[in-house]
Amino acid sequence: MTLGTLLVRADQLPLALRDLASRVMRAIPTSGGWVLGEGAASAAPGKSLEDRVVAVLGDAPDPLTDAQILQRLPEAGDLKAVRSVLFADDRIVMADTGGWTLADEECRQELQLFELPTPEASPSPPRQRHRRSLKERAQLCLREASHPLSLQALVERMGDDVNEGSLKHLLSTDASFMRSDISEWALTHWGLRRYTSVRELVAEELDDAGGTIALEDLERNLTRTFTIKLSTLRQIASASPYITSGGIVRRLANGQCAAQHEADLTAPYGHFENEATAAPGMAGPSAEELIDLMGLS
C-alpha cells in the first residue's frame, strides 16, 4: 500500500494511526524538511492556545524554539501571542540547552513561588499565575539568544507590553545585566568584557600595559571587542588626559594638563602629533559615540 492510499483510507485505521495520518496530511514544509501538524488532542476545538502549546511541547522529544512551536500551530498565526504563553504559563520552562519544554514537578513547585494568591471574591480561576517579571523575561530572552542583544532586539523578543524605557533602566541598574558594547546588553555571568566609555577603556588598556601602549595595539585591542570607530578612539587617545606621541599613547603628566587642554581646543579635528598615524577620509564619531563622549549615555 502506498502512503497516498494509506492517507486516503485513514478513516479506516485504528485511532492512533488515524491521528498520525491526519498530522502527516497537515504537515508543513520548512527549510529543514517537514513538520507534522498538530495532533488530535492539541487541535481539539475549543482548546485554549495555552493548552495547545503545552500539547505540542508534550509531543516533541526535544525542546522547541518559539518559531518551531508556531510552525506546529500555524493557525495561531502570531509569534508574539505564542511568546506570551511561553513566558506566562508555569507548565513551560526554558531548557538549559535553549528552546522550550514542559516543566517537571520539582520545577513547577519552584515556579509557584512567583504566583500571586487569587482574592476570594475574584471571579478568576483559583490558579491565576501572574506574568514573569521584566527581569526574568529579559534573562530568558538573552539565554535563548545565547549572545548579546540590542535594546530594540530585546524588546521585540519580549513582546509589545514591554516599555523600552523601563527595560533600559533595569539593564542599567541590575547587576545581572551588563553593557557589552555601545548598544548591546548581555548577562553578566557570561563573563564578557564590560563596555563603559571609550575614555575609560583607554585607561584600562594603559593600566594593563604598564602606563604606555602603542596606538596600533590600543586600536587592535578595543576594535576587535567593541564597535568603536578608529576616528573616535584616536581623538580620545590624543586629548587630555592622554597624549599620543610617536605612535605611543600615555597619560599626561600633571604639569602638562592645562597646556595640552588648550592645544586640544585649538587643534583641528583629527590632528595628531604624528600625522602619519591619521588615516585620510576617516569618518567622525557616530551620534551614540558623541553622547558617550559627553557622558550623557
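Helix α10 (residues 198–209) and helix α11 (residues 215–223) have axes that come within 11 Å of each other and cross at roughly 120 degrees. The two helices, α10 and α11, are therefore oblique to each other, given that angles under 35 degrees count as roughly parallel, over 145 as roughly antiparallel, 65 to 115 as roughly perpendicular and the rest as oblique. In passing α11, helix α10 makes a right-handed crossing, a term used if the near helix is turned clockwise from the far one by less than a right angle. This is a predicted model, in which local features need pLDDT of at least 70 and side-chain atom pairs count only at pLDDT 80 or more, while totals for chains, interfaces and linings use all residues. Residues are numbered from 1 along each chain as its sequence is written, and side-chain values use heavy atoms, with hydrogens and water left out.

Helix α10 also meets helix α12 (residues 230–237), their axes coming within 10 Å and crossing at roughly 65 degrees. That angle makes α10 roughly perpendicular to α12, and the crossing of α10 and α12 is again right-handed. Axes here are lines fitted to C-alpha atoms, for helices over the stretch in contact, with angles from 0 to 180 degrees between N-to-C directions.

## The three-stranded sheet

Strands β5, β7 and β6 form, in that order, an open sheet of three strands with antiparallel pairing. Its edge strands are β5 (149–150) and β6 (177–181), each of which pairs on one side only. Helices (H or I, at least four residues) and strands (E, at least two) are DSSP runs numbered from the N terminus, and two strands pair if DSSP finds at least two bridges between them.

On one side of β7 (residues 184–187), two bridges join this strand to β5, and the two run antiparallel. Within that pairing, L149 stands opposite W185, while the bridge partner of S150 is E184. On the β6 side, the antiparallel pairing with β7 extends over four bridges, and E184 has D181 standing opposite. A hairpin through two residues connects β6 to β7.

## Backbone features in two loops

The loop between α7 (134–145) and β5 contains S146, a residue that has a positive phi of about 65 degrees although it is not a glycine. A cis peptide bond, with omega of about 15 degrees, joins S240 and P241, and P241 is placed in the loop between α12 and β9 (242–245).

The volume of the largest cavity is about 40 Å³, taken as the space filled by probe spheres set on the points, which are joined across faces, edges and corners.

The lining of the largest cavity consists of D66, R83, L86, F87, W100, E144 and R157. Helix α5 (residues 79–88) gives the most to this lining, with three residues. By class, the lining of the largest cavity has three nonpolar, no polar and four charged residues, where Asp, Glu, Lys and Arg count as charged, Ala, Val, Leu, Ile, Met, Phe, Trp, Tyr, Cys and Pro as nonpolar, and the others, Gly among them, as polar.

Terms used. 1 Å grid on protein atoms, 1.4 Å probe; cavity = no way out; pocket = protein on both sides within 12 Å on 5 of 7 lines; lining within 4 Å.
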